[in-house]
Structure formats: C-alpha cells, structure tokens
Amino acid sequence: MNRQAELLPGTLDLLILKAVSLGALHGYGVLLRIGEISGNSLTIEQGALYPALYRLEGQDLLASEWGVSENNRRAKFYRLTPAGRKRLRLETESWNRLVSAIATALGTQPQEA
C-alpha cells in the first residue's frame, strides 16, 4: 500500500520553513528533512523545491550562504530569517485551525447536522 500523501496547494512553503527551522540546510537536505519529519509520507520533487526556495529567499523568509556539503560539494545553505520565523508561526497556527475545523466537520454524524 502506498503511504505517500499528496501535497496540498500552498503547503510546500510551510514545509520548507519548518524543515529549515530545525537547522540550516542545503536544497537537497531540505528534501531529505521533509521526508524525515513526515515519516517518509511526503516526497517533494526537486523541480518544485528550488523555485520555492528562490521565492522564499526573495520574500526575505530565508537567507542563504554558500558552503560545502557533507559530500564535499559547493552548496547553498538556507536558514530562517526573523521574518521567516514569524511566517512559520503564523502559518502553523492557521494550518492547525484549518485542520481542526475540517476534522470537526468530517466527524459530524447525520443526527448532529
């Protein structure tokens, strides 16, 4: 049985911010971290990740600097900015409200409607 979940529109940025909040990462490291923190239920395609990293950096939610990866390659490492930390907090709160509301709606029984 496939345990992969489909990413909902608008959630990639939130997942990237969360992954990077746990420590600075290069792009491929972000992919791996999202896999790890989702219990390998989410897989992000590189073709979606790198434009999102670029967009988040352009919005001043991520900052980057060049470094050397664990396999001795030049890599761009991303970290959260103060604005990124604030956005992560706000988006997480919003997401949790949405999930709670949907769970409540889906848990409604016929006699309760």
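Predicted model: local features only at pLDDT ≥ 70, side-chain atom pairs only at ≥ 80, totals over all residues.
Residues are numbered from 1 along each chain as its sequence is written, and side-chain values use heavy atoms, with hydrogens and water left out.

The chain holds 4 helices and 3 strands. Helices (H or I, at least four residues) and strands (E, at least two) are DSSP runs, numbered from the N terminus. Their order from the N terminus is α-β-α-α-β-β-α. The C-alpha trace spans about 60 × 35 × 20 Å along its principal axes.

Of the 113 residues, 30% count as buried. Buried means under 20% relative accessible area (1.4 Å probe, protein chains only). Thr81 is buried, at 5%. Thr81 sits in the loop between β3 (74-80) and α4 (82-106). Its side chain reaches the backbone oxygen of Asp60 at 2.6 Å. Thr81 also touches Asp60, Leu61, Leu62 and Ala63, leaving aside residues up to four places away in sequence. Contact here means heavy atoms within 4.5 Å.

The chain exposes about 7,800 Å², and carbon and sulfur atoms supply 53% of it. Accessible areas come from the Shrake-Rupley method with a 1.4 Å probe; for residues, only the protein chains shown count as cover. Leu8 lies in the segment before α1 (11-21).

Terms used: Buried < 20%, exposed > 50% of the residue type's maximum accessible area, 1.4 Å probe, protein only. Polar contact = N/O pair within 3.5 Å; in protein donor to acceptor, adjacent residues only side chain to side chain.
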